[in-house]
Structure formats: structure tokens, C-alpha cells
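Subject: Structure handover

Hello,

Here is the structure I promised to pass on. Please open it first, then read my notes below.

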Amino acid sequence: MAQKVVVVGAGIVGASFAWHLAQAGAAVTVIEAAGIASAATEKSFGWINASFSETPAYFALRMAGIEAWREMGDALGPEAGLRWGGSLWWEEAGDALETQAAALRDLNYDMEVVGKNRVMAMVPGLAQAPDAAIHVRCEGAVDMAAATRRMLDGAVGMGAKVLVGVALQGVEAPGGRARAALTSHGRIEADAVVLATGAASGAVLAALDFGLPMDNKRGMILHTAPTAPLLEPIVLAPGVHVRQATDGHLVVGEIFSGDGPGAARLATDPAGLAAEVMARLAALLPATRGLALERVMLGTRPVPGDGFPAVGPVPGIDGLYLATMHSGITLAPVIGQLGAAEVMGGPDAALLAPYRPARFA
Ligand SMILES: Cc1cc2nc3c(=O)[nH]c(=O)nc-3n(C[C@H](O)[C@H](O)[C@H](O)COP(=O)(O)OP(=O)(O)OC[C@H]3O[C@@H](n4cnc5c(N)ncnc54)[C@H](O)[C@@H]3O)c2cc1C
């Protein structure tokens with residue numbers, strides 16, 4: 001009989017688990033308390049990258065993420081909005097840019113430092129090009145919500161069920177072995193329960209007696225109205241980063257860490273901050289002046305306490321599996337693929353070894 005798996009959360013990570021588990025022959029039920037892709041996933045910048053990886057092991061995982069997107073992109077088709085235009089980074093200059101470039105070179109990343117003229121040739125609409133930027137060829141971006149829906153549709157096509165408006169309330173685990181997910185709409189039998197609950201994972205696990213420290217960070221993403229082709233690469237300049245989606249709209253963000261002066265203003269004056277970021281965008285790319293701002297989205301980045309993903313069995317309940325992380329857009333395909341294989345009883349994936357939830361026990 002097929003292994004029954006309940007996946008909790010229909011963000012991009014849960015959707016990738018559902019897709020890979022269904023492909024492996026599991027009987028999958030996805031439960032989602034709010035809406036498909038409605039939490040961090042749709043409020044993300046959508047950059048698929050390995051540019052900021054604190055350790056070689058994490059770099060290897062992120063590179064595997066890029067590779068997995070290339071494979072999954074073929075399966076998902078053009079509706080997922082994948083775009084492989086590379087990136088140009090000059091959030092910092094001088095020694096700081098050189099240090100970042102040297103770190104990426106040491107990792108043999110697919111990058112080069114380019115000067116003013118090359119930057120201008122790649123982004124002719126810039127008001128002013130920087131003296132130097134890091135150009136990474138292998139990076140891209142995705143329409144996060146569309147890709148999530150495509151993954152879930154694929155899983156449903158393989159027999160999965162997706163229940164929206166259904167919240168996990170507990171896990172029935174007689175003798176420490178998961179037997180069922182207890183939900184707002186009743187009991188769902190399960191041999192395994194996968195928590196892809198993003199920023200809520202700390203609270204969900206606290207109710208199951210496991211302490212997962214989370215250091216979630218707020219962030220803001222803006223979507224403009226669609227506009228004529230303006231950008232091929234993703235542009236990451238001081239105080240503003242921007243990319244053009246496949247349907248022509250611009251996706252605009254402010255700062256990646258979730259820290260910095262903008263973080264406090266998110267709580268007190270998000271409209272003012274959005275206007276300021278749009279002004280920075282207009283100064284960078286004059287053609288965007290007057291472009292309508294269609295969506296201002298405030299999101300929460302799910303960040304486990306030490307900044308790295310938390311993926312694997314949860315100590316204390318056999319069959320309970322956690323997958324929460326920042327950079328979940330970059331990592332969803334690879335984490336879903338490796339994690340689903342582990343849930344189905346396959347060998348432990350070496351790439352996931354540093355990220356086990358047990359490190360917090
Ligand atoms: C501003 C911003 C910019 C970002 N930029 C990037 C980027 O450029 N590149 C990148 O790789 N990452 C980026 N991220 C991070 C990325 O968006 C997240 O890591 C990723 O979306 C996490 O996906 P997820 O499926 O784990 O979580 P989510 O999308 O948050 O989904 C979790 C789901 O679980 C559901 N849920 C929670 N509790 C329960 C429960 N008890 N019962 C049922 N359902 C439940 C929630 O309703 C939610 O839908 C960014 C994030 C933000 C906020």
C-alpha cells in the first residue's frame with residue numbers, strides 16, 4: 001500500500017515536497033491554513049542564486065538548488081515564469097566588492113567582475129553605471145506563486161489532494177510514531193507528516209514539544225505594472241534591487257538581510273518606504289519614473305536561529321519531518337527532491353547533513 005504523507009503548508013517548499021512525493025508513489029495530502037503561496041512565497045524577490053553562501057557546504061546546496069531548478073523548470077513549463085538572465089551586483093563597492101568577488105572566485109562560481117562599459121551594455125537603461133559590478137551568469141529568477149501552483153497541479157495530476165483552509169493542530173503519535181495529522185477539519189491518517197510551515201514552524205513545533213529557535217525577518221517587495229523590456233539580468237544596486245518578470249512587470253526589493261534602516265520603517269511607515277524605494281528605482285532606471293505601483297507586499301522570511309535551513313526528522317516523533325528555511329525559492333526544488341526521498345525511506349542525503357533539526361535539540 002502507498003505510503004500516506006501529509007504535507008503541511010502550500011508555499012513553494014510544501015509544493016515541491018508534494019510534487020516529489022507524488023512522483024515517488026506516495027498518497028499525498030497537502031493541507032494549507034491560509035492560501036496557496038500566500039505567505040513568504042509570493043512576497044519573495046524570487047532570485048535563484050548561490051551568491052551569498054556562508055560555508056562551502058551551503059554553497060554546494062545552493063548550487064544544487066540552481067541545477068534542480070533547471071530540471072524542474074523543463075517539467076513545469078513556461079507558466080512558471082523562469083528566467084535565466086544572470087545577475088549584476090554592486091550593492092557595495094571598492095574593497096567590499098573585491099572581497100565578495102574573491103570569495104565567489106574561491107568557490108569557482110560562474111562569475112566575473114565587469115566594468116562600467118560592460119554594465120551599461122547589459123543594462124542600457126541605467127542612469128549611471130557603477131565602476132565595477134559582479135556579473136554572475138548562472139543565476140535566474142522565477143514567478144514564485146505560479147511555480148508553486150504548477151508544482152501542486154502536477155502533484156494533483158499524480159493523485160495528490162490539496163486542502164486549503166485546513167490547519168494542522170497536532171500530530172497523533174502513539175508510542176512516538178506519527179499515525180495521523182490532527183487538523184481543524186478532522187483526522188488525516190499519515191505514515192509521515194512533513195512540516196513546510198515556513199515562518200510559523202517555531203510555533204507549530206513548540207506545540208509538538210520541540211524547540212526550534214526562529215529569527216524570522218520582515219521584508220518588503222513591490223510589483224509595478226508591466227512595462228516594455230528593460231532588464232535582462234537581475235540588478236542589485238545600493239538600496240534597491242530589481243528584476244523584470246516574464247510578463248513584463250518589475251519586482252523590486254530594498255535590502256536582502258531583512259535588517260538595516262528599512263526594517264524599522266516596515267512596521268511604522270511601509271507606504272513611505274515603498275515610495276522611497278520607487279524613487280531610488282527611478283534614479284537608477286529613469287524609464288521607470290511614473291510607472292504604476294501595483295502591489296506592496298510585506299512578508300516574513302522564515303529564518304531558523306542560526307540562519308541555515310532546518311531540514312530532516314524532528315527528534316521525538318518518528319515520521320515527523322521538517323523543512324523550513326530562508327532562500328526557500330532557490331532551494332525548494334532540491335530540498336523537495338532530497339527530502340521526499342528521505343521521507344520515502346531512502347538513504348540520508350549527504351547535502352542535507354549539516355541542516356538537521358536535531359542540532360537545536
Ligand atoms: C521580502 C522577501 C524576499 C525574499 N527573497 C528571496 C529570494 O530572492 N530568493 C530566495 O531564495 N528566497 C527569498 N525569500 C525567502 C523565501 O521567500 C522563503 O524562504 C520561501 O518562500 C519559504 O517557502 P515556504 O514554502 O517554506 O514558506 P511559506 O511560503 O511561508 O509557506 C508556509 C505555508 O505554511 C502554512 N502554514 C503555517 N502553519 C500552518 C498550519 N498549522 N497548518 C496549515 N498550514 C500552515 C502557511 O499558511 C503558509 O502558506 C524572500 C522572502 C521575503 C519575505
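How many residues does helix α5 have, and how far does α5 reach from its first C-alpha to its last? Helix α5 covers residues 144-157, which makes 14 residues. Its reach is 20 Å, close to the 20 Å expected at 1.5 Å a residue. Bear in mind that this is a predicted model.

**Helix α5**

Is α5 largely enclosed or largely open? It is largely enclosed by the rest of the structure, because 11 of its 14 residues are buried. Among the buried ones are Met 144, Arg 149, Arg 150, Leu 152 and Ala 155. The buried residues of α5 pack against α1, β2, α2 (56-76), β8 (161-164) and α9. After the helix comes Gly 159. Its phi is positive, near 105 degrees.

**Trp 19**

Now look at Trp 19, which sits in helix α1. A residue counts as buried if 20 or more other C-beta atoms lie within 10 Å of its own. Trp 19 has 31, so it is buried. Leaving aside residues up to four places away in sequence, Trp 19 touches Met 151, Gly 154, Ala 155 and Gly 336. Of these, Met 151, Gly 154 and Ala 155 are buried residues of α5. Tyr 58 is 39 residues from Trp 19 along the chain, and their C-alpha atoms are separated by 24 Å.

**Around the ligand**

Which residues come nearest to the ligand? Of the 42 residues around it, they are Gly 9, Gly 11, Gly 198, Gly 219 and Gly 328. Several elements give two or more residues to this shell: α1 (12-23), β2 (27-32), β13 (217-226), β17 (293-301) and α9 (328-343). By class, the shell has 21 nonpolar, 18 polar and 3 charged residues. At least three residues come from each of domain 1 (4-44 + 144-214 + 305-360) and domain 2 (84-138 + 216-301).

**Two positive phi values**

Most residues other than glycine have a negative phi. Ala 37 is not a glycine, yet its phi is positive, about 60 degrees. Asn 108 is not a glycine either, and it has a positive phi of about 60 degrees.

Where do they lie? Ala 37 is in the loop between β2 and β3 (47-48). Asn 108 is in the loop between α3 (94-106) and β5 (111-115).

Their surroundings are worth a look too. Ala 37 is buried, with 25 other C-beta atoms within 10 Å. Asn 108 is exposed, with 9 other C-beta atoms within 10 Å.

Best wishes

Key
Residues are numbered from 1 along each chain as its sequence is written. This is a predicted model: local features need pLDDT of at least 70, side-chain atom pairs count only at pLDDT 80 or more; totals for chains, interfaces and linings use all residues. A residue is near a molecule or strand if its C-beta atom, placed from the backbone, lies within 6 Å of it. Helices (H or I, at least four residues) and strands (E, at least two) are DSSP runs, numbered from the N terminus. Ala, Val, Leu, Ile, Met, Phe, Trp, Tyr, Cys and Pro count as nonpolar, Asp, Glu, Lys and Arg as charged, and the others, Gly among them, as polar. Domain bounds come from an automatic or database domain assignment. A residue is buried if 20 or more other C-beta atoms lie within 10 Å of its own, exposed if 12 or fewer, and partly exposed in between; C-beta atoms are placed from the backbone. Two residues are in contact if their C-beta atoms, placed from the backbone, lie within 7 Å. The expected span of a helix is 1.5 Å times one less than its number of residues.
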